[in-house]
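Have the viewer open as you read.

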Amino acid sequence: FRFIGTAEDRIREDYLRIAVAMLEDWNKKTCVGNFLRDIYDRRQAMNHGHDAPDRMPDVALSYAGYFWLDFRGMRNRKLFGMNGNNGPNVLIDMDRGRIVVLNAAHTNFDWRALVYNAIRNGGLPN
């Protein structure tokens, strides 16, 4: 296997590969699956004091092992969220088998429509 593309293409695909691997392991009794379920069970409530109300840290109500968890409006679903500097976002719905990976060059995008609502509603708005 040889990947042809830019470094940014490889990074984008790496986020998706990580998310797919996490989703697959969540449903297996493997070391990684057990670890993911364990950190989910040990999650800690968050103290919200952020200034960006439409971003992942302000919608997630708990945190564990570098993952945002317990998203407002979807607390009954097991979601794992990750976000990075300048826009990369990953949100994995372990219950419904959905993954949203967003790569952005800037942070001025509608996070709620492109990430949160895509997981919540099962797709992007028309």
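What follows goes from the cores to the salt bridges and then to the backbone.

Keep in mind that this is a predicted model.

**Packing inside**

Start with the largest nonpolar core, a set of 16 residues in which Phe71 and Trp111 have the most contacts. Which elements give two or more residues to this core? They are helix H3 (56-59), strand S3 (67-71), strand S6 (98-102) and helix H4 (111-121). H4 is the top contributor, giving five residues.

Once you set aside neighbours within four places in sequence, Phe71 is in contact with Met56, Val59, Ala60, Leu79, Gly81, Leu91 and Tyr116. There's also a second, separate core, this one with 14 residues, including Trp26, Leu36, Tyr40 and Val90.

Is Met94 buried or exposed? With a relative accessibility of 4%, Met94 counts as buried, because the cut-off for that is under 20%. Leaving out residues up to four places away in sequence, Met94 touches Met22, Leu23, Trp26, Lys78 and Phe80. Take Lys78 from that list: Met94 and Lys78 are 16 residues apart in sequence, yet their C-alpha atoms are 5.5 Å apart in space.

**Charged pairs**

How many salt bridges does the structure hold? There are four. As a reminder, side chains of opposite charge can pair when their charged atoms come close. Here are some of the pairs, with the N to O distance for each.

| Arg | Asp | N to O distance |
|---|---|---|
| Arg17 | Asp14 | 3.8 Å |
| Arg42 | Asp38 | 3.1 Å |
| Arg43 | Asp70 | 2.6 Å |

Take Arg17 and Asp14 to begin with. Both belong to helix H1 (residues 7-26), and because they are three residues apart there, about one helical turn separates them. Arg17 is partly exposed, at 43% relative accessible area, and Asp14 is partly exposed too, at 34%.

The Arg43 and Asp70 pair links distant parts of the chain, its partners being 27 residues apart. Arg43 is in the loop between helix H2 (31-41) and strand S1 (44-45), and Asp70 is in strand S3. How open are the two ends? Arg43 is partly exposed, with 29% relative accessible area, whereas Asp70 counts as buried at 5%.

Most residues other than glycine have a negative phi. That makes a couple of spots worth checking by eye.

Asp70 turns up again here: its phi is positive, at about 55 degrees, although Asp70 is not a glycine. So this residue in strand S3 has a positive phi, counts as buried and forms a salt bridge with Arg43.

Tyr66 is another one, with a positive phi near 75 degrees in a residue other than glycine. Where is Tyr66 found? Look in the loop between strand S2 (60-64) and S3. Is Tyr66 buried or exposed? At 70% relative accessibility, Tyr66 counts as exposed, whereas Asp70 counts as buried.

Methods: Residues numbered from 1 in each chain as written. Predicted model: local features only at pLDDT ≥ 70, side-chain atom pairs only at ≥ 80, totals over all residues. Heavy atoms only, no water. Core = buried A, V, L, I, M, F, W, Y, C linked by side-chain atoms within 4.5 Å. Buried < 20%, exposed > 50% of the residue type's maximum accessible area, 1.4 Å probe, protein only. Helix = DSSP H or I, 4+ residues; strand = E, 2+ residues; numbered from the N terminus. Contact = heavy atoms within 4.5 Å. Salt bridge = Lys/Arg side-chain N within 4 Å of Asp/Glu carboxyl O.
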